[in-house]
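Welcome! Let's get to know this structure together through a few questions and answers.

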Amino acid sequence: MKVSKRFRWEAAHRLPWHEGSCRFMHGHSYRMMVELEGEPTENTPGGSAMLIDFKHVKRIVKPLVDAMDHATIVNASDTELREAIEALESKVYVMPYDSTAENIARHVAESVRDDGASVLRTHGVHTIRVQVWETETCYAEVEREVPEGRSDPASAEEVLAAMR
Ligand SMILES: Nc1nc2c(c(=O)[nH]1)N=C([C@H](O)[C@H](O)COP(=O)(O)OP(=O)(O)OP(=O)(O)O)CN2
Ligand SMILES: [Zn+2]
């Protein structure tokens, strides 16, 4: 069973090594689909009626989206751009790698996996797929497995409560 939720945000970026126009600062209206796959468990309210509530998906993913919205997404090693953003007192979102669609998808998938593991396991979710659309015609997709571990409904609820 799969559930998906779509997100969107606006952000600026550049790929300084790019041979084409992507080396220049420019913006995208990013679109992202977060898909969770698994088998619903009886441990959660409603039992097997839903894999995971869409509102839980939002609680896990939205803080990341809010952090990137109207920011410049920048590679930590791009000090020239980081200094310029700081001088402009603009919003920045620093990643440990270049801001390609592939890397943003990977960053979101791994953050969801790491921050949401307990909640996802409790709901029987074993796979996270993230598609990041940079333009109308281009997207990158990344898949990550939720590592096995103890499924603890009580602590999962605490994690969700802390995100409220
Ligand atoms: N595999 C990837 N290729 C490219 C990425 C990327 O993240 N992953 N990113 C870019 C640029 O950031 C970019 O802004 C996209 O530009 P472009 O290819 O020009 O996209 P368009 O939709 O405007 O292209 P059309 O030619 O109008 O279809 C580049 N490549
Ligand atoms: Zn771009």
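Q: In which strand is His28 found?
A: This is a predicted model, and UniProt lists His28 together with His13 and His26 for "binding site" in an unreviewed entry. His28 is found in strand E2.

Q: Is His28 buried or partly exposed?
A: A residue needs 20 or more other C-beta atoms within 10 Å to be buried. His28 has 19 of them, so His28 is partly exposed.

Q: With which residues is His28 in contact, leaving aside its neighbours within four places in sequence?
A: Contact here requires C-beta atoms within 7 Å. Leaving aside neighbours within four places in sequence, the partners of His28 are Ala11, Glu134 and Thr135.

Q: Does His26 count as buried or exposed?
A: His26 lies in strand E2, which covers residues 26–38. The cut-off for an exposed residue is 12 or fewer C-beta neighbours. His26 has 11 inside 10 Å, so it counts as exposed.

Q: Which residues does UniProt list for "binding site", and why can they be said to gather at one spot?
A: The unreviewed entry names His13, His26 and His28. They span 16 residues in sequence, yet they gather at one spot because no two of their C-alpha atoms are more than 8.2 Å apart.

Q: How far apart are the end C-alpha atoms of helix H3?
A: Helix H3 has 22 residues, 101–122, and at 1.5 Å a residue should span 32 Å. The distance in the model agrees with that: 30 Å.

Q: On which residue is the kink in H3 centred?
A: H3 has a kink of about 80 degrees.

Notes:
Residues numbered from 1 in each chain as written. Chains lettered and ligands numbered in written order. Predicted model: local features only at pLDDT ≥ 70, side-chain atom pairs only at ≥ 80, totals over all residues. Helix = DSSP H or I, 4+ residues; strand = E, 2+ residues; numbered from the N terminus. Expected span 1.5 Å × (residues − 1). Bend = angle between axes of the 7 residues up to and from the residue. UniProt positions renumbered as here; feature names shortened; annotations may be inferred. Contact = placed C-beta atoms within 7 Å.
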